[in-house]
Amino acid sequence: MDIKYGFSQDPAVVGEYLKGGCLLTEEEGLWLAWESKPELVKEALPPVLDYVNPVVSVYIMRIGRTSFGPAFMESALMLTASYKGKVGMYAPSFLMYGPGAESATVMGREIYGINKKYASDIRLTKTGDVVTASIERGGRLIFDTTCRLGAYNDEKAGMEAFGMPKKGDGGPGSAYFFTYEAQQKADKDMEFTAVHLNDTVSVTTHTEDWLPGAVEDIAMEESLNDPWSYFEVVKPIGCGYAHEELHMIEQIHHHNVGDPTANMAKLLSSKFDMAAFGKSTRILNADFN
């Protein structure tokens, strides 16, 4: 369908929006996992989600081609959780960088409730069997790692977390994201009036064999806006270098899940920077003089 110039499109165009579901292909990058303290993972989960295990996983990927914009770098911090007995992933943080980051962030927040923010820089380098990756945002080194491909740090835990996927392997999985409703009251203050849980079902397919590896080092600088360092590393589990594609195929909506204030209290750092809650922020940079 042709898109004409201007702000008055044919209503039929609306039906073409992300038609067939979001599709991300030509994905290449690093997955890794570590065991953290159970009490930290439990404390981070919104009250409507149940604790499953203390494993924290991260991926840092180049997303080469999508159905909604140019290429970009994507990173995510993820926990395993369950809702009414159904196990899925819950991501306290997504950080994006690159030409397609704007499209990826807006599409995620508006459609799926994904907790996306822009990063200052995301880098991933594979030299032989050594993979390094880093994420910067707001003047902080949010995440920095060095990994060596070969074998997991902990073979049993690595197989439980990642397995050993071959080219063509894949299947559906759930990820839990949240949308919310907010209103400004007559006294000028805001209030969150409802929180909704979106069980987003995606199919991930490996387009090349998975290359397992060991995590040699993880460093995370404290950041009030992006507190990845909250999840203390107790024991590295392992990593893997992957080539993938992902197709979002369905959303299962659960409306008004529990107390909106209690749920939003767990989501604040995921969705917002703390300036919105009275924590003054000034970033001085010569580029903006």
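How many nonpolar, polar and charged residues does the lining of the largest pocket have? In this predicted model, the lining divides into 30 nonpolar, twelve polar and eight charged residues. The volume of this largest pocket comes to about 1300 Å³. Its lining is made up of 50 residues, and those lying nearest the centre are Trp31, Met78, Met89, Ser174 and Thr204.

The second largest pocket has a volume of about 340 Å³. Here 16 residues form the lining, with Gly138, Ser223, Leu224, Asn225 and Thr281 nearest the centre. Sorted by class, five of the lining residues of this second pocket are nonpolar, five are polar and six are charged.

Turning to the interior, nonpolar side chains in soluble globular proteins tend to be buried together. In the present model, the largest nonpolar core holds 43 residues, and Leu49, Ile135, Phe143 and Phe178 are the ones with the most contacts inside it. The element giving the most to this core is strand β3 (residues 72-83), which supplies five residues. Apart from this core lies another, of 29 residues, including Met96, Ala101, Ile237 and Ala242.

The surroundings of Leu49 are worth a look in the structure above. Beyond its neighbours within four places in sequence, Leu49 is in contact with Ala81, Ser82, Tyr83, Tyr90, Tyr176, Phe178 and Leu197. Tyr83 counts as buried because its relative accessibility is 12%, under the 20% cut-off. With neighbours within four places in sequence again left aside, the contacts of Tyr83 are Val48, Leu49, Tyr176, Leu197, His254 and Val257. The C-alpha atoms of Tyr83 and Val201 are 14 Å apart in space, while 118 residues separate the two in sequence.

Leaving out neighbours within four places along the chain, Gly173 is in contact with Thr200, Val201 and Ser202. Gly173 has a relative accessible area of 36% and is therefore partly exposed, a class that runs between 20% and 50%. Between the C-alpha atoms of Gly173 and Asp129 the separation is 29 Å, for 44 residues along the chain.

Strand pairing can be followed through β11. Strand β8 (residues 140-149) pairs with strand β11 (residues 211-219) in the antiparallel sense, over six bridges. Within this part of the structure, Thr145 stands opposite Ile218 in β11. Strand β11 is also joined to strand β12 (residues 235-254), by three bridges and again in antiparallel fashion. Gly213 has Cys239 in β12 as its bridge partner.

Finally, the backbone deserves a word. Most residues other than glycine have a negative phi. What is the phi of Glu26? The value is near 55°, which is positive although the residue is not glycine. Glu26 is found in strand β1 (residues 23-35) and, at a relative accessible area of 46%, is partly exposed. Lys84 likewise has a positive phi in a residue other than glycine, near 50°. Lys84 is found in the loop between β3 and β4 (86-97). Is Lys84 buried or exposed? With a relative accessibility of 72%, Lys84 counts as exposed, because the class requires over 50%.

Key: Residues numbered from 1 in each chain as written. Predicted model: local features only at pLDDT ≥ 70, side-chain atom pairs only at ≥ 80, totals over all residues. Heavy atoms only, no water. 1 Å grid on protein atoms, 1.4 Å probe; cavity = no way out; pocket = protein on both sides within 12 Å on 5 of 7 lines; lining within 4 Å. Points joined across faces, edges and corners; volume = space filled by probe spheres on them. Nonpolar A, V, L, I, M, F, W, Y, C, P; charged D, E, K, R; others polar. Pairing = 2+ DSSP bridges. Helix = DSSP H or I, 4+ residues; strand = E, 2+ residues; numbered from the N terminus. Core = buried A, V, L, I, M, F, W, Y, C linked by side-chain atoms within 4.5 Å. Buried < 20%, exposed > 50% of the residue type's maximum accessible area, 1.4 Å probe, protein only. Contact = heavy atoms within 4.5 Å.
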